[in-house]
Amino acid sequence: MTSPRHFVSVWNPSYAHDAMEQHLQLLLAFAAQRRADAIDADDVYVWWGKVRSGNRLEEQKHLDDARAIAAELDDGARDEVQLYLTDYRSLYVADVEEIQFGELPEAEREHVPAYYAEQRLNCDYWWRVNDIRRLVADDLQAVIRELKPLKNEHYHGKSVSLYGGMVDLPLFVTRSDGRRFFERSERDLSTGGELWAELDARVATGVATIERELRDNVIGETAWLALEPTTRTFIATGENDFRAHRADPAYDFGAVIVSFAKALEVQINTVLRRAVAKMKPASRLAKVGGRTVDLAEHGSLVLGDIVQVLTGEPALAKGLAETITESAWFTGTLPVVLDALRTVRNQAAHGGRVDRATATHWRNRLLGVGSEGELVALARVRMK
C-alpha cells in the first residue's frame, strides 16, 4: 500500500519577514472569536498560498500531484494532509483541509494575511489550514533531524535535505511511520481542547532556549530527539517555569508538575499508539473507565488510565513485551512512578498548592538531576 503524500514548503522572508506570525495571528484571532461564540468552528482557518515567483515562466512543477491530493481531500479519502513549513531555523506542520487552485473568491479574503494583497502576490494554489503546530523553534540542526523521516517522492525516495534538496517546491513527501499530528484525542489531552496553535502561543516565551539547553546539558541529544516534539515542549515549559520561580519559596509550583505530567502522558500515549497498531486485537483490549475498549480505537489516556492498563492487563503486557524495547520497565517500574506523580498532579489540578521541595523532587527525578532521569529511560522505549 502506498503511503499517503504530504507537502514540504519554505516561506520566503522577502515577501514578509513575519509570514508565519501573520498566518498564526489570523488563525488565533478566528479561534478567539470561536471561543466567544461569535463564529462557527468551521470558520476557524487561514489560507496559505503557494506563491508563484515572478521569474518563473513555466507551469508549477508536479501540479498533477497537488491536484490528486486535493481530490483525495474533496472525496473524503484523506483525513490528515500535512503541510510542513520551514524557514530553515524553525519548522511547523499545518493541518490542510482543502486546496484551491488559482485566485480565491473575494469572500475568502478575510482569511488571508494582508501581505499577499499588499504585494500583489500570485499563487499557483492555496492550502486551507485548520491548525498549525510548531515542531522546532529556532534550531537549524533540529529542523534537519526532524525532516529526516520525510521521503522526497521526486528525489528517489530519499530523505528531505535542507541543502540541495529544497527545489521545485513544494516537495511531495511520505513518511513510513505514518505519524499523525492532528488526532483530536491527542490534541484535546495536550491542549484542553484548544488548537495546537493556541497552546504554542501560550508556551512560546523562553521555550526554544530551554529546549536546547535541556538537550545539550541535561537529557542528552539522543534521548531528547527520541521524545515527541510536544513532549519536549511540555518538559521545557515546566523547566522554564521552575527556573523562573525556584528562588521563591512561597510560589505555587503546581503548573510545573502539570507540565511534566502532560509530557509523560504525551510520550506514553505515543508509545502505546504505535505498539497497539502492531498487536493482535485480543492483546489490545483493556478496561478504561469501567468498560473494555480496544486501545487502537480508544484514543489518548490520562495518567490514571495509563497506570490501570499497564498493571492490570496481562495480555497487553505480553503484547508490549513482543512489540517494544524496555517492556519490563515500561509495565513494571513506570506505572509506580506515574501513580506517585498522579497524586501530586491531581492535587495541583484541583487547586491544591505544590511546594518548592515537592516540585524540586519531581523535576530532578524526571530530568535526571543527580541520577538518570525517568524521561531518559522513557526515551529508550522504542518499537522492536
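The model is predicted: local features need pLDDT of at least 70, side-chain atom pairs count only at pLDDT 80 or more, and totals for chains, interfaces and linings use all residues. Residues are numbered from 1 along each chain as its sequence is written, and side-chain values use heavy atoms, with hydrogens and water left out. Helices (H or I, at least four residues) and strands (E, at least two) are DSSP runs, numbered from the N terminus.

- Eight strands form an open sheet with mixed pairing, in the order 2-5-4-3-1-8-6-7. Two strands pair if DSSP finds at least two bridges between them.
- Strand 2 (46-51) and strand 7 (158-159) are the edges, and each pairs on one side only.
- Strand 1 (residues 6-10) runs antiparallel to strand 8, joined by three bridges. Val-8 has Leu-171 of strand 8 as its bridge partner. Phe-7 is bridged to Phe-172 in strand 8.
- Strand 6 (residues 150-152) also pairs with strand 8 in the antiparallel sense, over three bridges. Here Leu-150 stands opposite Arg-175.

**Burial of strand 8**

- Five of the five residues of strand 8 (residues 171-175) are buried, so the strand is largely enclosed by the rest of the structure. Buried means under 20% relative accessible area, exposed over 50%, and partly exposed in between (1.4 Å probe, protein chains only).
- Both faces are covered: Leu-171, Val-173 and Arg-175 are buried on one side, Phe-172 and Thr-174 on the other.

**Helices on the sheet**

- Helix 1 lies across strand 2, strand 3 (81-86), strand 4 (91-101) and strand 5 (123-136), and runs at about 85° to strand 5. Axes are lines fitted to C-alpha atoms, for helices over the stretch in contact, and angles run from 0 to 180 degrees between N-to-C directions.
- Helix 2 (residues 63-75) packs on the sheet and touches strands 1, 3, 4, 5 and 8. Its direction makes about 85° with that of strand 4.

**Arg-34**

- Arg-34 sits in helix 1 (residues 19-35). This residue is partly exposed, at a relative accessible area of 32%.
- Leaving aside neighbours within four places in sequence, Arg-34 is in contact (heavy atoms within 4.5 Å) with Ile-39, Asp-40, Ala-41 and Val-44.
- Val-44 is 10 residues from Arg-34 along the chain, and their C-alpha atoms are separated by 7.2 Å.

**Helix 12**

- Seven of the 10 residues of helix 12 (residues 303-312) are buried, so the helix is largely enclosed by the rest of the structure.
- The buried residues are Leu-303, Gly-304, Asp-305, Ile-306, Val-307, Val-309 and Leu-310.
- Their cover includes helix 10 (254-276), strand 9 (285-288), helix 13 (314-323) and helix 14.

**Helix 14 and helix 15**

- The axes of helix 14 (residues 327-349) and helix 15 (residues 356-367) come within 12 Å and cross at roughly 150°. That makes helix 14 roughly antiparallel to helix 15. Angles under 35 degrees count as roughly parallel, over 145 as roughly antiparallel, 65 to 115 as roughly perpendicular and the rest as oblique.
- Helix 14 contributes Val-337, Ala-340, Leu-341 and Val-344 to the contact, and helix 15 contributes Thr-358, Trp-362, Arg-365 and Leu-366.
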